[in-house]
Amino acid sequence: MIKNAVASLMVRLHHLPLPRAAPASTYHHHARRLQLSASTSVRPAAAMSTTAEQAVADQKRALRTEVRKALKALSPDQRASEDLAIQTTILDSSWFKASKRLCAYISCKQLREVDTTKILAECLPSSPEDLAKDLYVPRVEDKNRNMRMLKITTMDDLVKNSMNILEPSPVDASGDDREDVLSASSPVDLFLLPGQAFDRTGRRLGRGGGYYDTFLLKYQELAKEKGWNRPLLVALSYSVQIMEEGIIPINSTDVPIDALISSSGVIPISPAALERM
């Protein structure tokens with residue numbers, strides 16, 4: 001028993017990061033981020049048995065149900081208060097102000113997503129003379145996880161899809177194809193992401209369609225090919241969507257986030273976020 005206890009302690013000590021001149025709380029974030037990155041990039045999908053994959057899917061489905069209940073229970077006043085706090089944190093931040101090109105979601109009230117209205121308005125020019133950011137927003141193409149991020153210059157570029165969700169029309173007022181971020185000549189600095197649940201180690205639970213994870217993997221591969229810096233992946237979250245560590249199940253295709261923004265402020269997770277935020 002003593003031998004086993006010592007061995008267990010040595011394993012835990014082996015995984016402790018080396019001391020550095022940084023707050024103690026950042027060590028856990030670094031280690032967990034590296035562990036997640038390794039698991040998503042190295043472990044092949046085939047290595048997971050069908051039974052294990054189904055178990056993860058069932059756990060995700062159950063967690064989504066619980067989070068939807070918690071979001072539904074949020075009062076309008078609480079939701080509005082958190083929306084304002086989250087957007088103010090982002091708009092006042094140096095990393096947002098410094099960004100020149102970004103991808104962001106169009107918030108949807110019926111999906112109970114954190115509001116992005118003020119953020120989008122800040123990105124778009126109010127007049128032709130204004131300097132604005134290049135803004136790309138999502139357009140779902142089909143039911144096979146195909147999503148594009150298309151550039152818009154005004155909220156009038158958005159139309160409602162069959163689900164009554166705003167998304168960019170594929171062509172602009174002149175009949176020209178909108179610029180696709182995957183075809184753009186310059187990289188984006190930032191992704192502002194929605195989701196169902198998150199934790200402080202970088203795990204993100206989506207709605208189950210796999211659209212964002214699929215797109216993020218494509219963009220990260222493009223950035224690698226082009227020699228671009230990876231953009232920061234920043235998720236916006238209501239307080240009830242933040243889970244304790246280990247609650248959110250993951251698989252090999254889940255892309256970890258770099259940082260989390262809640263009504264309490266910024267939660268940097270990855271080394272890139274700790275450096276840039």
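Arg101 has a bridge partner in strand 2, and that partner is Asp134. Strands here are DSSP runs of E with at least two residues, while helices are DSSP runs of H or I with at least four residues, and both are numbered from the N terminus. This is a predicted model, in which local features need pLDDT of at least 70, side-chain atom pairs count only at pLDDT 80 or more, and totals for chains, interfaces and linings use all residues. Residues are numbered from 1 along each chain as its sequence is written, and side-chain values use heavy atoms, with hydrogens and water left out.

Stay with strand 1, residues 101–104. Strand 2 covers residues 134–140 and pairs with strand 1 in the parallel sense, over 3 bridges. Two strands count as paired if DSSP finds at least two bridges between them.

Now look at the side chains. In a regular strand they alternate between the two faces of the sheet. In strand 1, Arg101 and Cys103 point one way, and Leu102 and Ala104 point the other way. All of these residues are buried. Buried means under 20% relative accessible area, exposed means over 50%, and partly exposed lies in between, with a 1.4 Å probe and protein chains only.

Next comes an open sheet of 3 strands, in the order 8-7-10, with mixed pairing. Strand 8 (204–205) and strand 10 (242–243) stand at the edges with a single partner strand each, so one side of each has no neighbour in the sheet. Strand 7 takes in residues 197–199 and runs antiparallel to strand 8, joined by 2 bridges. Phe198 finds its bridge partner in strand 8 at Arg204.

Turn to helix 3, residues 50–73.

Finally, step back. The protein has 8 helices and 12 strands. Of its 277 residues, 42% count as buried. Contact means heavy atoms within 4.5 Å. Among contacts between residues at least 6 apart in sequence, 71% join residues at least 24 apart.

Notes:
Expected span 1.5 Å × (residues − 1).
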